[in-house]
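Opening the notebook on a new model today. I'll jot down what I look up, one spot at a time.

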Amino acid sequence: MGGFLNSTIARKVAMALSGLFLVLFLAQHFTINFLSVISKDLFNEVSHFMGTNFFVQALLQPVLIFGVIFHFVMGFILEAKNRGARNIKYVKFAGNENSSWVSRNMIYSGLVVLAFLGLHFYDFWFPEMVHKYLESHPEDVARYYDELIAKFQSPVRTILYVISFVFLALHLYHGFSSSFQSIGWRNKYAKGLRGFTKAYAIIIPLGFIFIALFHYINNL
């Protein structure tokens, strides 16, 4: 694996594949969270299933955590390699003529998303691990909804979530589309796929923003 990832092309492909995997998880995560807007009981039932199912907890969750770590580590490696290759500073810069602002600053939007993931783990994943494995509470199917909306009582935390999802949209807007280019997806469906990735990059983060604002307003 180490020898394979020594190639720049291989690193970009690995980065793209891990990104596509995380995009799938993001859609699943959004779907479950959106249930909290529709039905408290349904959200609790689905969250309880995801939190207690052996396949999800013992197999998918470790893969997901590895995917997150791998994607960001690979991103930092690629950024460092790219910066190291720029031995000559450009006297003139053509701006968006050659690349968009988003594509030139993926590392910064990625850092914001990484910081958001740290906050998200602090808010939900770590308390879940403590609740289940350290404090050994009995199973409570009804607890998930109340734990979710409690996080959006604070206007500061809600604003942080909203800002994070804006940067997630920026990161996805370039990253999702370029992932398919990195793995060589160039056929008659490429244009339609590009349109889909752009729509996804806007709709999913907006959906998360809606969920956060919905619960914050309901808490007032």
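**Entry 1: a serine in H2**

I started at serine 47, which is buried at a relative accessible area of 12%. My cut-offs: buried is under 20% relative accessible area, exposed is over 50%, and partly exposed is in between, with a 1.4 Å probe and protein chains only. This is a predicted model, so local features need pLDDT of at least 70 and side-chain atom pairs count only at pLDDT 80 or more, while totals for chains, interfaces and linings use all residues. Residues are numbered from 1 along each chain as its sequence is written, and side-chain values use heavy atoms, with hydrogens and water left out.

Serine 47 sits in helix H2, residues 40–52. Helices here are DSSP runs of H or I with at least four residues, strands are runs of E with at least two, and both are numbered from the N terminus. What lies 2.8 Å from a polar atom of the serine 47 side chain? I found the backbone oxygen of phenylalanine 43 there. Skipping neighbours within four places in sequence, serine 47 is in contact (heavy atoms within 4.5 Å) with Ile32 and Tyr144.

Next I went to serine 36, which is in helix H1. Serine 36 is buried too, with a relative accessible area of 3%. Its side chain and that of histidine 215 are joined by a polar contact of 2.9 Å. For that term I use a pair of N or O atoms within 3.5 Å; within protein, one must be able to donate a hydrogen and the other to accept it, and residues adjacent in sequence count only if both atoms are side-chain atoms. Neighbours within four places aside, I list Phe43, Tyr145, Leu148, Ile211 and His215 as contacts of serine 36.

**Entry 2: helix H6**

Helix H6 covers residues 143–150, and its buried residues are Arg143, Tyr144, Tyr145, Leu148 and Ile149. What do they pack against? I noted helix H1 (8–38), H2, helix H5 (106–134) and H8.

**Entry 3: salt bridges**

I searched the whole structure and got 5 salt bridges, counting a side-chain nitrogen of Lys or Arg within 4 Å of a carboxyl oxygen of Asp or Glu.

The side chains of glutamate 128 and arginine 143 form one of them, at 2.9 Å from N to O. Glutamate 128 is in helix H5 and arginine 143 in helix H6, so this pair ties together parts 15 residues apart in sequence. Through shared partners, salt bridges link Glu128, Lys132, Arg143 and Glu147 into one network.

Aspartate 123 belongs to helix H5 and arginine 157 to helix H7, so the pair ties together parts 34 residues apart in sequence. Aspartate 123 is buried at 2% relative accessibility, whereas arginine 157 is partly exposed at 23%.

**Entry 4: the whole chain**

Then I zoomed out. I count 8 helices and 0 strands in the protein chain. Of its 220 residues, 39% are buried. Its C-alpha atoms fill a box of roughly 60 × 40 × 35 Å along the principal axes. Among contacts between residues at least 6 apart in sequence, 80% join residues at least 24 apart.

**Entry 5: the UniProt record**

The unreviewed UniProt entry puts "transmembrane region" at residues 12–38, 58–80, 101–122, 158–176 and 197–217. I keep in mind that such annotations may be inferred rather than shown by experiment. In the model, residues 101–122 are 95% helix and 0% strand, with end C-alpha atoms 31 Å apart. Residues 197–217 are 100% helix and 0% strand, and their end C-alpha atoms lie 30 Å apart.

**Entry 6: a loop tyrosine**

Last stop was tyrosine 189, in the loop between helix H7 (155–182) and helix H8 (190–219). Tyrosine 189 counts as exposed, at 52% relative accessibility.
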